[in-house]
Amino acid sequence: MDVIAKHDRMKDVAHPLRIAGISRPADVTFSFEGQTLSAPAGENLAAALIASGIRRLGEGQEAARPRAALCMMGVCQQCLLRVDGRLAQACLMPVRDGMVVTAA
């Protein structure tokens, strides 16, 4: 069993970060590692991935310490991903229609 999945308290919660009754922009679609996802236009990529159930953004130096969105303000750079072929911090990158995201 994955070390992270074993301790994930939100694995059985459906959309824990989506608050009912709050109006948002229309959803756009984007892909992460070949998986098609959707999120409100302009939401930061890290939040969109977390809300879609994706918390592991890449491999760390040890398998038990994967990269993830930690600070959510652009300081730690642990959320570094490749967006449309260029490196970008997921917590600072707004989601837009058709973007292609892969691990860095």
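**The largest pocket**

Mentor: The largest pocket holds about 170 Å³ of space. A pocket here is an open set of points on a 1 Å grid over the protein atoms alone, where a 1.4 Å probe fits, with protein on both sides within 12 Å along at least five of seven lines. Points are joined across faces, edges and corners, and the volume is the space filled by probe spheres set on them.

Trainee: What are the ground rules for the model itself?

Mentor: The model is predicted, with local features needing pLDDT of at least 70 and side-chain atom pairs pLDDT 80 or more, while totals for chains, interfaces and linings use all residues. Residues are numbered from 1 along each chain as its sequence is written, and side-chain values use heavy atoms, leaving out hydrogens and water.

Trainee: Which residues line the largest pocket?

Mentor: The lining is G60, Q61, E62, R65, P66, R67, A68, L70 and Q78, where a lining residue has an atom within 4 Å of a point.

Trainee: How do the lining residues divide into nonpolar, polar and charged?

Mentor: Three of each. Ala, Val, Leu, Ile, Met, Phe, Trp, Tyr, Cys and Pro count as nonpolar, Asp, Glu, Lys and Arg as charged, and the others, Gly among them, as polar.

Trainee: In which sense does strand 5 pair with strand 1, parallel or antiparallel?

Mentor: Parallel, over two bridges, with strand 5 covering residues 100-103. S31 stands opposite V100, and F32 is bridged to V101. With strand 3, strand 5 pairs in the antiparallel sense over three bridges, and there V101 is the bridge partner of V83.

Trainee: Is S31 buried or exposed?

Mentor: Buried, at 17% relative accessible area; buried means under 20%, exposed over 50%, and partly exposed in between, with a 1.4 Å probe and protein chains only. S31 sits in strand 1 (residues 27-32). Beyond four places in sequence, S31 is in contact with T36, M99, V100 and V101, contact being heavy atoms within 4.5 Å.

Trainee: And what does L87 touch?

Mentor: L87, in strand 4, touches L80, L81, R82 and A104, not counting residues up to four places away. The C-alpha atoms of L87 and A104 are 6.9 Å apart, though 17 residues separate them along the chain.

Trainee: Last topic, backbone angles. What is the phi of M72?

Mentor: Positive, about 60°, although M72 is not a glycine. Most residues other than glycine have a negative phi. M72 lies in the loop between helix 2 (45-51) and strand 3 (80-83), and is partly exposed at 33% relative accessibility.

Trainee: Where is D84?

Mentor: D84 is in the loop between strand 3 and strand 4 (86-89). Its phi is also positive, near 50°, and D84 is partly exposed at 38%.

Technical notes:
Helices (H or I, at least four residues) and strands (E, at least two) are DSSP runs, numbered from the N terminus. Two strands pair if DSSP finds at least two bridges between them.
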